[in-house]
Amino acid sequence: MKVLVVDDSRVMRQIVIRTLRQAGFDDLDVVEAANGAEGLDTVSSEEPDLVLSDWNMPELTGIEFLTALRARGDDTPFGFVTSEGSPEMRERADAAGAEFLIAKPFDADTFEEMLSPLLG
Amino acid sequence: MSVATVDDTLDSIDVDVLVELSGAVWASFIDAETLLDGPVDVDSSSWTPGGTSAEVSISGDWSGLLSVVLTAAGARHVAGRMFQLPAGEVCDDDLSDAVGEVANMIGGNVKAMLAGEHRLGLPVVRALTGPVPDPGSETVAATTLLWGEHLVLVRLAHTPGGVS
């Protein structure tokens, strides 16, 4: 399975990928993008099975990215990994079509719990 | 049932909150063994020149700035830990990225505690050429913590006119 990790922070992309491995998702093919605009292009080119995206990014935010995906009929499963985990943000994420929102900082157990239904 | 106001939620953001949020970030992504200690009481002379400051703005119903200040060595070690590299191999871009992300995580969690509508800015990272900036009169909460031998200053300030 293929996962697209989208975050403007290179170190956070690395941490997300490390945490995926720690959560037991060892066989994933992981691709990366540095903002929502790149993420849109990468979904088209790579056709991931899951997108893990930050919310607050330059060029195109995570919520704008998700909205644009759904607007073009793309139903790729999408989850937020963000420092902004308020109830309001979770409601916005859900309304836009996100499967989940994982708040930073996070751990491998949270990744295992939230991603297992989608990645098996 | 009354609805919390911005001021109500601001009143709940104190040193203990900054300590807790900083500690969670440190334990999760920087060092699970040597945790942040403190608050510690230090004066400005304890800070070696040439540190790094990372800030994220919070704007909307309330405007503020969450900043994280580290010494140059502390910032390099934080980045090394996050990138899983020896501190000496961390380049300036990596250092800026890592310290910025620390501020982003603490700031994002502070924003999540605020009633009302707010936006989180992107991290702004600066090399400090002088001493640690004076907190000034608009500080909401500030704390100095110790990670091993490295000082960490975390501060939430009110910026009435927004951030320029």
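Me: Hi! Which residues form one aromatic cluster with Trp55(A)?
Reply: The cluster is made of Trp55(A), Phe65(A), Phe78(A) and Phe80(A). The model is predicted, so local features need pLDDT of at least 70 and side-chain atom pairs pLDDT 80 or more, while totals for chains, interfaces and linings use all residues. Residues are numbered from 1 along each chain as written, chains are lettered from A and ligands numbered from 1 in written order, and side-chain values use heavy atoms, without hydrogens and water.

Me: How many aromatic pairs are there over all chains?
Reply: The count is 6 aromatic pairs (ring centres of Phe, Tyr or the six-membered ring of Trp within 6.5 Å; planes under 30 degrees apart are stacked, over 60 edge-to-face, the rest tilted). One of them joins Phe65(A) and Phe78(A), edge-to-face, at 5.2 Å centre to centre with 70° between the planes.

Me: Where do Phe65(A) and Phe78(A) lie?
Reply: Phe65(A) is in helix α3 (residues 62-71) of chain A and Phe78(A) in strand β4 (residues 78-82) of chain A, so the pair ties together parts 13 residues apart in sequence. Helices (H or I, at least four residues) and strands (E, at least two) are DSSP runs numbered from the N terminus.

Me: Is Phe65(A) buried or exposed?
Reply: Phe65(A) is buried, at 0% relative accessibility. Phe78(A) is buried too, with a relative accessible area of 0%. (Buried is under 20%, exposed over 50%, partly exposed in between, with a 1.4 Å probe and protein chains only.)

Me: OK, helices now. At what angle do α2(A) and α3(A) cross?
Reply: The axes of α2 (residues 36-46) and α3 of chain A cross at roughly 30° and come within 9 Å. Axes are lines fitted to C-alpha atoms, for helices over the stretch in contact, with angles from 0 to 180 degrees between N-to-C directions.

Me: Which residues make the contact of α2(A) and α3(A)?
Reply: From α2(A) come Gly36(A), Gly39(A), Leu40(A) and Val43(A), and from α3(A) come Phe65(A), Ala68(A) and Leu69(A). Contact means heavy atoms within 4.5 Å.

Me: And how far apart are the axes of α1(A) and α5(A)?
Reply: The axes of α1 (residues 10-22) and α5 (residues 108-119) of chain A are 8 Å apart, at an angle of about 75°. That makes α1(A) roughly perpendicular to α5(A). Val16(A), Thr19(A), Leu20(A) and Gln22(A) of α1(A) meet Ala108(A), Phe111(A) and Leu115(A) of α5(A).

Me: Switching to chain B: what does Ser22(B) touch?
Reply: Leaving out residues up to four places away in sequence, Ser22(B) touches Leu36(B), Ile106(B), Leu145(B) and Val154(B). Ser22(B) sits in helix α2 (residues 15-30) of chain B and is buried, at 0% relative accessible area.

Me: Which residues does a cis peptide bond join in chain A?
Reply: Lys104(A) and Pro105(A), with omega about -5°. Pro105(A) is in the loop between β5 (100-103) and α5 of chain A. In chain B, a cis peptide bond joins Gly38(B) and Pro39(B), with omega about 20°, and Pro39(B) is in the loop between α2 and β1 (52-60).

Me: Last one: what is phi of Glu59(A)?
Reply: Near 70°, a positive value in a residue other than glycine. Glu59(A) lies in the loop between β3 (50-53) and α3 of chain A and is exposed, at 67% relative accessible area. Gln84(B) also has a positive phi, near 55°, and counts as exposed at 56% relative accessibility.

Methods:
Angles under 35 degrees count as roughly parallel, over 145 as roughly antiparallel, 65 to 115 as roughly perpendicular and the rest as oblique.
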